[in-house]
Protein chains: 2
Amino acid sequence: MRDFSRDTSVLALNTATLGHILDGHGAGWSPERVTDACAERGFGGIVFWRREIGGDAVRIGERVRAAGMQVAGLCRTPYLTGRDAGSDDEVTASIDMAAGLGAPVLTIVTGGTEPGTKGLEESRKRLAGRIARHADHAAACGVRLALEPLNPMFGGNRTCVFTVRDALEVCRALDLPHVGIAVDVYHVWWDRTLPEVLSGAAGKIFGYHLCDWLEDTGHMLLDRGMMGDGVADLKALRRMVEAAGYDGFCEVEVFSADNWWKRPPAEVLDVIVDRFRTAC
Amino acid sequence: MRDFSRDTSVLALNTATLGHILDGHGAGWSPERVTDACAERGFGGIVFWRREIGGDAVRIGERVRAAGMQVAGLCRTPYLTGRDAGSDDEVTASIDMAAGLGAPVLTIVTGGTEPGTKGLEESRKRLAGRIARHADHAAACGVRLALEPLNPMFGGNRTCVFTVRDALEVCRALDLPHVGIAVDVYHVWWDRTLPEVLSGAAGKIFGYHLCDWLEDTGHMLLDRGMMGDGVADLKALRRMVEAAGYDGFCEVEVFSADNWWKRPPAEVLDVIVDRFRTAC
């Protein structure tokens, strides 16, 4: 296992961290400007959101690689379950977009509880069925699907997969080499079973997402902390995913409407590099 | 195991459901008026909050029993960990208040992460130490301590115990007959490991709290659903706690600032009885 504790080439920016993916937030930087600002600071990768890409996937992917970086991933499939689930065509289009970008990983946030059902069984059955239906196309495109468990506060309308254990169960049932998990510290930092659960996840961790859990979280979605500002044991979490064989990017994803999204993007990127070296 | 599916004598009201524990919410009913309204509807028990009781514990407890009900419990100890932890004197006073009321159970919400620490180890050590320090006094008072895991969204400043498994681990390490757990569907409904975990909890479940998890949760603390209005599989959850030997009260605890707290308390109590019979 390589020691990358101070090597920013494993650092990837999830563009949501600059807030520019949402109207009225961030400085309105283009994908190109974000790419150059990351490259200048030694980031190795960048992760985009679909709404930023439009029909420009191939061009943007080439632009990132020309700057010396990788497109580390794409956020994300439409929801696969629940009231707000997307169509199969939309899922296929998200896979095609990832392929166009040259993104090796497409994240899945599952979506919520199936309408008219109680508990999670029906939702998880539909989830597994929909992943299975799209897995061949993803594999043919060279795109791996990373199922991301979300903090249980997102049950109901955003997810039916809450823990790394939940996500690995879905993966094991599907048994497809291109279907794995993403581990985001915001969602899983509290889970005391992680050392045990991750020790059985060899080869299945396709993404590792960094931020911090603030002592006081004012908003479920948009009040994530910068690494080092919260209570998550980020060094222990990184040791766990590395011990499970993960050697991919450390992707910084800080949704922070009232703090980091209000700062100049260049400042945010500088802080990320510093915190990555000291707190992660 | 008795069949109490339609027997409201196992139904208890947590007074927070009427909103009157917070300034500016609810109809300002006194403990006596809540007691009578519950007794009229066949509730078997009532659970108070400390701020409602003041120096009147003995009188209020007798009043509840005179109305034909039990004081089912008291909410709650001061926090035992984290920035906002209460003093030992405050913890002792909460135990004494439960004893004065004749409440057999005092709930523990742990409090958050210990200042200056990362992760949860230090917080859980302090938690176990503080429970152990107060357990003898609680036992001597006939008060059982029910450690309540909270939904992981309450990490940081409210809890360091997130799952039934977490809470049982603390209990097992302490190995004290008067220290067990409370299972609240709001906090644990999402946990796929519950059937297995609860099957090992025989004799340790001291409370079962009812509400529902709404498909759209607008506020972490104050947007709980009435039973039947959400996505939790309440019938399956009740079967699980009963299968683990629990035969105590089903305590309804609905924090709902924008919906149920705005309705007349008599209406809320009527709905609870109806939903308890049909949805739980």
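Predicted model: local features only at pLDDT ≥ 70, side-chain atom pairs only at ≥ 80, totals over all residues.
Glu169(B) is partly exposed, with a relative accessible area of 35%, and its place is in helix α6 of chain B.

**Chain A as a whole**

- Ten helices and eight strands make up the secondary structure elements of chain A.
- The radius of gyration of chain A is 17 Å, close to the 19 Å that the globule rule gives for 280 residues, so chain A is as compact as a globular protein of that length.
- Taken along the principal axes, the box filled by the C-alpha atoms of chain A is roughly 45 × 40 × 40 Å.
- Of the 280 residues in chain A, 61% are buried.
- If you look at contacts in chain A between residues at least 6 apart in sequence, you will find that 78% of them join residues at least 24 apart.
- Chain A has an accessible surface of about 10,100 Å², and carbon and sulfur atoms account for 48% of it.
- As for charge, chain A carries 31 positive and 39 negative side chains. The centres of these two sets are 1 Å apart.

**Aromatic pairs and a cluster with members from both chains**

- Over all chains, the count of aromatic pairs comes to 13.
- One of the pairs is formed by Tyr186(B) and Trp213(B), and it is tilted, with 4.8 Å from centre to centre and 40° between the planes.
- Tyr186(B) belongs to helix α7 (residues 185–188) of chain B, while Trp213(B) sits in the loop between β7 (205–210) and α9 (234–243) of chain B, so the pair ties together parts that are 27 residues apart in sequence.
- Tyr186(B) is buried, at a relative accessible area of 0%. Trp213(B) is buried too, and its relative accessible area is 0%.
- One aromatic cluster takes in residues of chain A, namely Phe162(A), Tyr186(A), Trp189(A), Trp190(A) and Trp213(A), together with Phe162(B), Tyr186(B), Trp189(B), Trp190(B) and Trp213(B) from chain B.

**Cis peptide bonds**

- In chain A, Cys75(A) and Arg76(A) are joined by a cis peptide bond with an omega of about -5°. Arg76(A) is in the loop that runs between β3 (70–75) and α4 (88–101) of chain A.
- In chain B, a cis peptide bond links Cys75(B) and Arg76(B), and here omega is about -10°. The loop between β3 (70–75) and α4 (88–101) of chain B holds Arg76(B).

- Although Asp175(A) is not a glycine, it has a positive phi of about 55°. You can find Asp175(A) in the loop between α6 (164–174) and β6 (179–184) of chain A, where it is exposed, with a relative accessible area of 64%.
- Asp175(B), also not a glycine, has a positive phi of about 55°. Its place is in the loop between α6 (164–174) and β6 (179–184) of chain B, and at 62% relative accessibility Asp175(B) counts as exposed.

- Leu234(A) lies in helix α9 (residues 234–243) of chain A and is buried, at 3% relative accessibility.
- Setting aside residues up to four places away in sequence, Leu234(A) touches Val185(A), Tyr208(A), Leu210(A), Cys211(A), Asp212(A), Met227(A), Gly228(A), Ala279(A) and Cys280(A).
- Gly19(A) is 215 residues from Leu234(A) along the chain, and the C-alpha atoms of the two are separated by 23 Å.
- Met69(A) is located in the loop between α3 (57–66) and β3 of chain A. With 1% relative accessibility, Met69(A) counts as buried.
- Beyond its neighbours within four places in sequence, Met69(A) is in contact with Thr35(A), Cys38(A), Ala39(A), Phe43(A), Gly44(A), Gly45(A) and Val64(A).
- One of these contacts, Thr35(A), is 34 residues from Met69(A) along the chain, with 8.2 Å between the two C-alpha atoms.

Methods
Residues numbered from 1 in each chain as written. Chains lettered and ligands numbered in written order. Heavy atoms only, no water. Helix = DSSP H or I, 4+ residues; strand = E, 2+ residues; numbered from the N terminus. Rg over C-alpha atoms; globule rule 2.2 N^0.38 Å. Buried < 20%, exposed > 50% of the residue type's maximum accessible area, 1.4 Å probe, protein only. Contact = heavy atoms within 4.5 Å. Areas by Shrake-Rupley, 256 points an atom, 1.4 Å probe, with all protein chains shown as cover. Lys, Arg positive; Asp, Glu negative; His and termini not counted. Charge placed at Lys NZ, Arg CZ, Asp CG, Glu CD. Phe/Tyr/Trp six-rings, centres within 6.5 Å; stacked < 30°, edge-to-face > 60°.
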